[in-house]
Amino acid sequence: MYLKNAWYVAGWSTDFPEGKPVARGLLDDAVVIYRKRDGALVALRDRCAHRLAPLSMGRIEGDDLRCMYHGLKFAPSGECVEIPGSVEKIPATVCVQSFPIVERHSWAWIWPGDPARADESLIPRVIGLDDPDWVLRSGQLEYEANYRLINDNLLDFSHLSYVHSASFGADEQWARKRAKVTPLDRGVRVERWVENSISFRGPPAVDHWSYYDFLVPGILLLGSKIYPAGTAAALNGEPPTQAPLSETFSCQAVTPLTESTSRYFFSWGPRARPGAEAIADMLLKVAHQAFGEDRAIIEAQQKVIARSPGVNVIPTPGDRAVVAFQRVVNRLMQAEAA
């Protein structure tokens, strides 16, 4: 089951070069994405209407895409505009589905649901790689796991204490300190102080303020600020307003390919300032190690789930954000079904 009336990340803008159709899995379906002459993206179902050959093996001709099996040519709307050797009017049924697709914040966003409901204002306010205020590095991973397991992982940072003790250097405060969880219309907001903590950057101990929005269908917008030890106590646990010692931001997205495979996109980096490039490079190395740790435990979890039919998970106090987000998704899916 998937929420379809939502913007999913199909890939980084750089994943879709000019002159080449690109195949992408999406929600147990397949789409082909290519660029028109003006550079705008087109997304069609990756299935020719004639004999169901993949259009991603086709050829771009102007703004159209030709199937390289029997030569049918399709417009960006999905309408068939040519059948070689045919002089008759092409029936309207000879077509492929097109999907709304928008480039924004360095990502290509695709809407697999009702095209009439594809509201671009619902695209989350991500920080793009070209934002001058930040120095971001990026990457992507494929998972042999259901997308919900990755979402759950990103919603519950108590796992940092155990999964990421080697990479992030997270201590047990991440597991013991309960976060503040606030429901949003299309997601949840999570905020927490971790006091007197030593991270992967080493001493001295600092207070760590993290805050993030996790938005449907699986978009994480994560800010992290470092303050001198004692700041959290001085503020009585309230959000900080003063300038931090340092600050980073990360944008992450989870896209289901099938029920058992997913693609995970991420960027992470510091605010732009002298020395930020070197810090961004160092953070990217840490990210690859940490997200590899996540993938290892989640893919192992998926195998256990597959051989445990009918066995339910048991929530703990750390699952407040997970449960709150699931309620949002269930509400939106019920409205979609209605």
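Helices (H or I, at least four residues) and strands (E, at least two) are taken as DSSP runs and numbered from the N terminus. The model is predicted, so local features require pLDDT of at least 70 and side-chain atom pairs count only at pLDDT 80 or more, while totals for chains, interfaces and linings use all residues. Residues are numbered from 1 along each chain as its sequence is written, and side-chain values use heavy atoms, with hydrogens and water left out.

- An open sheet is formed by four strands in the order 5-6-7-8, with antiparallel pairing; two strands pair if DSSP finds at least two bridges between them.
- Strand 5 (59–61) and strand 8 (80–82) are the edge strands, each with a single partner strand, so one side of each has no neighbour in the sheet.
- Two bridges connect strand 7 (residues 73–74) to strand 8 in the antiparallel sense.
- Phe 74 has Cys 80, in strand 8, as its bridge partner.

**Asp 207**

- Strand 15 (residues 206–215) contains Asp 207.
- Asp 207 is buried, that is, under 20% relative accessible area, against over 50% for exposed and in between for partly exposed (1.4 Å probe, protein chains only).
- Asp 207 has no salt bridge, a term for a side-chain nitrogen of Lys or Arg within 4 Å of a carboxyl oxygen of Asp or Glu.
- The nearest side chain of opposite charge is that of Lys 177, 9.3 Å away from Asp 207; Lys and Arg count as positive and Asp and Glu as negative, with His and the chain ends not counted.
- A polar atom of the Asp 207 side chain lies 2.9 Å from the backbone nitrogen of Thr 231.
- The backbone nitrogen of Ala 232 is also reached by the side chain of Asp 207, at 2.9 Å.
- Beyond neighbours within four places in sequence, Asp 207 is in contact with residues including Trp 193, Asn 196, Tyr 227 and Gly 230, where contact means heavy atoms within 4.5 Å.

**Backbone geometry**

- Most residues other than glycine have a negative phi, and most peptide bonds are trans.
- Val 216 and Pro 217 are joined by a cis peptide bond with omega of about 5°, and Pro 217 sits in the loop between strand 15 and strand 16 (219–228).
- Leu 52 has a positive phi, near 65°, and belongs to the loop between strand 4 (41–45) and strand 5.
- Leu 52 counts as exposed because its relative accessibility is 56%.
- Asn 196, in strand 14 (residues 187–197), has a positive phi near 50°.

Note on methods. A polar contact is a pair of N or O atoms within 3.5 Å; within protein, one must be able to donate a hydrogen and the other to accept it, and residues adjacent in sequence count only if both atoms are side-chain atoms.
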